[in-house]
Amino acid sequence: METYKYAAVNEAKIYKSLVDGKGKKAVNRILMGTYVKIVSQKGDWFEVETVGTDGWMHKDDLAETMGLKIFFIDIGQGDGVLIEAGKMKILIDAGPDASLYNYLTKWQYTYLLKKKEKVHIDHVFITHFDIDHYKGVIKLLEDERFTFGTIYHPGILKFAETGNKYGTGLGDTVDNGGEKYLTTIFDELVAAEGKSSFNRDVTAFVKALTAASKKKRVKNTVRLAAGKKPMDQTVDGKRFSIEETVNGKDALIYLSDEGKTINGHSLVLRITFGTRTFLFGGDLNTRSEEYLMKKYGTQNPFEVDVAKSCHHGSADFTEKFLAMVNPYATVISSGDNEGHAHPRADALGSAGKYSKSIRPLVFSTELARSVNPKTKKIIYGLINIRCNGNDIHISQMKEIKKEDDLWDSYRVK
Ligand SMILES: [Zn+2]
């Protein structure tokens, strides 16, 4: 039987050979949680096969459990995050195009696809229905090699500009106590087509979802509302939970215009693993942050160790909310050559200023991207987070790599 273990430390060294019971010549370094296949054993040393060059690892650098991995995939302007927790695969958004699909099929899960195994994504969270967050899900739904558990969403869809029976592009609204509320809210997305005249991209999404669901490749869709906890379980002996901290109710407040309303009702997900926490706030903006802070008053469910920067580092944020999140590290997911100039200078500066660390960490998928000096081809950026329930390490690949010097890594503290 094949035996597998995982790197217990970050940048665990792999040596070319064993000489007098010691590793000789480091030929590779792997991140905490990276999976290794055990080939043979000599005393305290294991011969392993892993990502990159194979070799020998010391027993102290090996663990029986993987822990939590979070991959911020460089999908250009948008969000695309893959999470692996124990045996679970989770997506939070999937970018605007085929970038995330290509990452999954040509890199991350080639080991499954080569064996003709299906790739099962246990949970997909679509934070909101802007194309830079959900359009990439269509390509995954259309590929028979993928199956899905639950697809979570905030319930607000977009309608066509013409032939739309509603008062706004997001549906009907009512006035109540001087505030305007959106009342066209969807719980079930499968077979929602035909009932309404969605815009072109939402129509394509609902169609792909309905087709995949008919083939039993999707279990169900669920609208997440405030306080819902889609997951609270034990992974590798530690608590792993995801909760929707803030948004969603029967009528959703309308925030000045359609764009601000759809962004402002992004799912806000708080992930806990062991003693560490992570916040994914979709595309929250000033209006929604103010609304949430008012709603929560003196409570603060937003404070975490690591936060995804809301809305790709846009300038539409409040300092007060950032001060509540108060993370050690921030990750920004944005593209190059887009019209928004994300991330904005004030968003970058504030991410540092409102950190609780004396050396705040700010990562960007865009900065992690590089160009191969010889071929001039783009090397897409990837921000890697690894957590064993106590320690968090965030790493990106060096632009010029040597086999035992690959990573630019930071311990979150
Ligand atoms: Zn966005």
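## Touring a predicted fold

Visitor: What covers the buried residues of α1?

Guide: This is a predicted model, so to speak: local features need pLDDT of at least 70, side-chain atom pairs count only at pLDDT 80 or more, and totals for chains, interfaces and linings use all residues. Residues are numbered from 1 along each chain as its sequence is written. Covering means contact, with C-beta atoms, placed from the backbone, within 7 Å. The cover includes β8 (68-73), β9 (80-85), β10 (88-94), β11 (119-125) and α3 (131-142).

Visitor: Which residues of helix α1 are buried?

Guide: Buried means 20 or more other C-beta atoms within 10 Å of a residue's own, again placed from the backbone. Helices are DSSP runs of H or I with at least four residues, and strands are E runs of at least two, numbered from the N terminus. In α1 (residues 99-108), the buried ones are Ser99, Leu100, Tyr101, Tyr103 and Leu104.

Visitor: How many Å separate the centres of domain 1 and domain 2?

Guide: The bounds, from an automatic or database domain assignment, are 3-63 for domain 1 and 68-411 for domain 2. Their contact takes 11 residues from each of domain 1 and domain 2. Taken over C-alpha atoms, the separation of the centres is 34 Å.

Definitions and conventions. A residue is buried if 20 or more other C-beta atoms lie within 10 Å of its own, exposed if 12 or fewer, and partly exposed in between; C-beta atoms are placed from the backbone. Two residues are in contact if their C-beta atoms, placed from the backbone, lie within 7 Å.
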